[in-house]
Amino acid sequence: MCGSIAIDPLFEMTKSRLNAGSKGCAGCNRQSDCAKRSFNIDPDGALYTCLEMADAGIYRIGDCNARSFSMKTWVDIGRREFEIRRSCGSCPYYASCKGGCLVDSYQSGAGPYSKTPLCSQYKELFQHIDDAISARGVVESRRWLSLLEVPKHAVSDGHNRL
């Protein structure tokens, strides 16, 4: 917490620890409620819940050009939130992790309702982040994060800035 460049996933993980009680998104690769948060339309019209699923070619839920939508696939993806909460809900890092990414679980062979195969690494990182926040204090940690934030509405002004 002394650098001037945001390094992900640590930056996003730190934000999620400071906001662990909020109902906001934990971060795209750390959420279990993909089905109700987003859709991704590929240039060919294929519909997925996110870019990662599109890139992996898994859980295609429709085709915008053909005006098709698989309610079954969408409901199956949506069930992940319940299943993950049931198995991981008592973890002290659940609010920041949400069981991890569906694509990671799927690609590890664990299936769509399994927590991330990176669980033990996430726990170590979250503990390290919590220790750093505790050492520096919440106010100072939030101040540091605010220095690294790029406003979401920022646009290029011709001076090599966002």
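This note covers aromatic and charged side-chain contacts in a predicted model.

1. Basis. Local features require pLDDT of at least 70 and side-chain atom pairs pLDDT 80 or more, whereas totals for chains, interfaces and linings use all residues. Residues are numbered from 1 along each chain as its sequence is written, and side-chain values use heavy atoms, with hydrogens and water left out.

2. Aromatic pairs. The whole structure contains six aromatic pairs (ring centres of Phe, Tyr or the six-membered ring of Trp within 6.5 Å; planes under 30 degrees apart are stacked, over 60 edge-to-face, the rest tilted). One of them joins phenylalanine 69 to tryptophan 74, edge-to-face, at 5.9 Å centre to centre and 65 degrees between the planes. Phenylalanine 69 has a relative accessible area of 39% and is partly exposed (buried is under 20%, exposed over 50%, partly exposed in between; 1.4 Å probe, protein chains only). Phe39, Phe69 and Trp74 make up one aromatic cluster.

3. Salt bridges. A search of the whole structure gives ten salt bridges (a side-chain nitrogen of Lys or Arg within 4 Å of a carboxyl oxygen of Asp or Glu). Among them, aspartate 63 and arginine 60 have their closest N and O atoms 2.9 Å apart; aspartate 63 is buried at 16%, while arginine 60 is partly exposed at 40%.

4. Bridge between glutamate 140 and arginine 143. The closest N and O atoms of this salt bridge are 2.7 Å apart. Glutamate 140 is partly exposed at 33% relative accessible area, and arginine 143 is partly exposed at 41%.

5. Network. Salt bridges link Lys36, Glu81 and Arg85 in a network.
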